[in-house]
Amino acid sequence: MNITTSDVVLLAHAGFGVFGTLAAVWVFVEALNAHAENAKRLRTAALIVAACMVIAWILGGDFYLHFYPADKALILRGPWPFAHNLFMETKEHLFFLTLVLSLYLPIAAREKLYENASARRMVLCVAMLITLSGFAMEGFGAIVNHGAKIALLRGGAKASE
Amino acid sequence: MDANVNNSKLSRASASFALAAAISIVVNTVLACAKDTYQPLKTWMASLTGHDWTTQGLAIVGLFVVLGLVIRKTSFTETVPPNRIISVLAGAAITAGIGLFAWYAFF
């Protein structure tokens, strides 16, 4: 078995992105059922969203700066160059949207949602936006990964012909 | 949800940072498009931290924090209905997200 640093960084990046997105779903459900009893749990979940997305940012940034250039070159030479030109380019900038919303979520969640309908709507809206953009980025990441995979597979197939 | 829910206003911090988030999200999309079309901007951003993407991330998070603190000092958010602030944030996020995808798809 040969697991490299770049493998660990990439998978940890995706993992924290998924945990952050799922925590946003958790916040959404807690806000739907906002009571005094679950207020502390909701705030904890909002902090987990922010922490996961910040860690995903740092890990993703490390991979993007140090390891991704080789993948990029491979993808651009392969049959799916749009995996980089469209999906990776969108993903790397769309992430900041999710990051800012994730940093804002704990601030919005500090209010008493069970007494304040506006604050509750705000948390529901932000949690939903984080969830949708988070899932979109997971999908984009899968397309980027597939772009590199088929570049290798089809390149390898051509070489063996 | 408890029965005594009312249509209270957002706290000043929540409203201020919501507007700061909306502005930061739009600036992020504009900056992504601008550095693609104007290479000197991308080069300058890269010279600050070693990579334009790193600079953009730090700038957007910094803008969010600074704008939030600045808006919080004013009473501006008290004049804006909460639903409008929610709509502005949601509208900014949806427009910026679709805008980014459309930019890389068509330009």
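This is a predicted model: local features need pLDDT of at least 70, side-chain atom pairs count only at pLDDT 80 or more; totals for chains, interfaces and linings use all residues.
Residues are numbered from 1 along each chain as its sequence is written, and chains are lettered from A and ligands numbered from 1 in the order in which they are written.

**View 1. Chain A is built from five helices and zero strands.** Going along the sequence, you read the pattern α-α-α-α-α. Helices (H or I, at least four residues) and strands (E, at least two) are DSSP runs, numbered from the N terminus. The C-alpha trace spans about 70 × 30 × 20 Å along its principal axes. Of the 161 residues in chain A, 48% count as buried. Buried means 20 or more other C-beta atoms within 10 Å of the residue's own, with C-beta atoms placed from the backbone.

**View 2. Chain A meets chain B through 35 residues of chain A and 38 residues of chain B.** On the chain A side, helix 2 (39–66), helix 4 (82–108) and helix 5 (117–160) each supply at least two residues. Helix 4 gives the most, with 16 residues. Sort this side by type and you get 21 nonpolar, nine polar and five charged residues. Here Ala, Val, Leu, Ile, Met, Phe, Trp, Tyr, Cys and Pro count as nonpolar, Asp, Glu, Lys and Arg as charged, and the others, Gly among them, as polar.

**View 3. The largest nonpolar core has 79 residues.** Such a core is a set of buried Ala, Val, Leu, Ile, Met, Phe, Trp, Tyr and Cys residues joined through C-beta atoms within 7 Å. Among those with the most contacts inside it are V49(A), Y104(A) and A21(B). Helix 4 of chain A gives the most to this core, with 16 residues. Not counting residues up to four places away in sequence, V49(A) touches G20(A), A23(A), A24(A), V27(A), S102(A), L105(A) and I130(A).

**View 4. A108(A) sits in helix 4 of chain A.** A108(A) counts as buried because 31 other C-beta atoms lie within 10 Å. Leaving out residues up to four places away in sequence, A108(A) touches A119(A), M122(A), V123(A), V126(A) and S14(B). The C-alpha atoms of A108(A) and P81(A), 27 residues apart along the chain, are separated by 40 Å.

Methods:
A residue is buried if 20 or more other C-beta atoms lie within 10 Å of its own, exposed if 12 or fewer, and partly exposed in between; C-beta atoms are placed from the backbone. Two residues are in contact if their C-beta atoms, placed from the backbone, lie within 7 Å.
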